[in-house]
Amino acid sequence: SIYVKEKSPHTQVIGVEPAEAAAMKASLKHGAPVTLENISTFVDGAAVKRPGDLTFSIVQNNDVPIQTVPENRLCSTLMDLHSLDGIVCEPAGALSIDALKDMREGIRGKTVVCILSGSNFDLSRYADVTERSRIFEQKKRYLTIHVPSRPGAFMEFLQSVSSHGINVTYLHYNQITNGDTQTVAIGLESESPESINQLLTVLRTGHIRFEDISGDPHLREILK
């Protein structure tokens, strides 16, 4: 931003950070560096609880706005970069590309340069990136469902899942009853997000209580 301000003052520099670790944006709002209590470290190259004093002063003095992007959507961008362009990029490196999705109108007709940096991607994380991408696209959902405590009730639910062409990818049946219901944690997957939405409508119509926990930041801990 220092270089661009000197050499091309008409050019705007925009910073991007993950919404789940937005320390710089919080600091700019506060007017001084602040320390976040909890952050997600998924975008490890950009996940800090507190920005450095020097970095903060440069960003503040050069009027660099900060965009934030959700991690699950970032995973879809990573998948697109790999499948469409053959680019293996680490999460932090793809932040600038993902931010374009929120800036369509503002950048229309303008020359835009994205810094696509970092190929330090551990392939063991590929499965997690894929899953988070599918959750963002609503092709995969995790629910906790309160099934009536009567013989055959759970089987009826599974038959309803099957009739909508939905696969079960995770299942944990809690045998501890809560009044007249038992709690089931289940992972559902379909290439048609509408199929899963139709199933949820059926559950609501049948007055079966459920919670969609797909977006819970502690999902991995919940499923363990």
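Which residues of H9 are buried? They are Ser195, Ile196, Leu199, Leu200 and Leu203, where buried means under 20% relative accessible area, exposed over 50% and partly exposed in between (1.4 Å probe, protein chains only). The model is predicted: local features need pLDDT of at least 70, side-chain atom pairs count only at pLDDT 80 or more, and totals for chains, interfaces and linings use all residues. Residues are numbered from 1 along each chain as its sequence is written, and side-chain values use heavy atoms, with hydrogens and water left out.

**Helix H9**

- H9 covers residues 193-205; helices (H or I, at least four residues) and strands (E, at least two) are DSSP runs, numbered from the N terminus.
- H9 has 13 residues and reaches 19 Å from first C-alpha to last, close to the expected 18 Å. The expected span is 1.5 Å times one less than the number of residues.
- The buried residues of H9 are Ser195, Ile196, Leu199, Leu200 and Leu203. They cover an arc of only 140 degrees around the axis, which puts them on the same side of H9. The arc is that of the directions from the helix axis to the C-beta atoms.
- An α-helix has 3.6 residues a turn, so residues three or four places apart point the same way.
- The cover over the buried residues of H9 includes strand E3 (140-148), helix H8 (153-163), strand E5 (181-189) and strand E6 (210-212).
- His207 follows H9 and has a positive phi, near 60 degrees.

**Packing of H2 and H3**

- Helix H2 (residues 23-30) packs on helix H3 (residues 53-61) at an angle of about 65 degrees, with the axes 11 Å apart. Axes are lines fitted to C-alpha atoms, for helices over the stretch in contact, and angles run from 0 to 180 degrees between N-to-C directions.
- From H2, Met24, Ser27 and Leu28 meet Thr55, Phe56, Val59 and Gln60 of H3. Contact means heavy atoms within 4.5 Å.

**Loop residues**

- Asp63 is in the loop between H3 and strand E2 (66-69). Its phi is positive, near 55 degrees, in a residue other than glycine. Asp63 is exposed, at 63% relative accessible area.
- Gln138 sits in the loop between helix H7 (126-136) and E3. Its phi is also positive, near 60 degrees. Gln138 is partly exposed, at 36%.
- Thr111 lies in the loop between helix H6 (104-107) and H7. Thr111 is exposed, with a relative accessible area of 78%.
- Thr111 and Ala26 are 85 residues apart in sequence and 28 Å apart in space, C-alpha to C-alpha.
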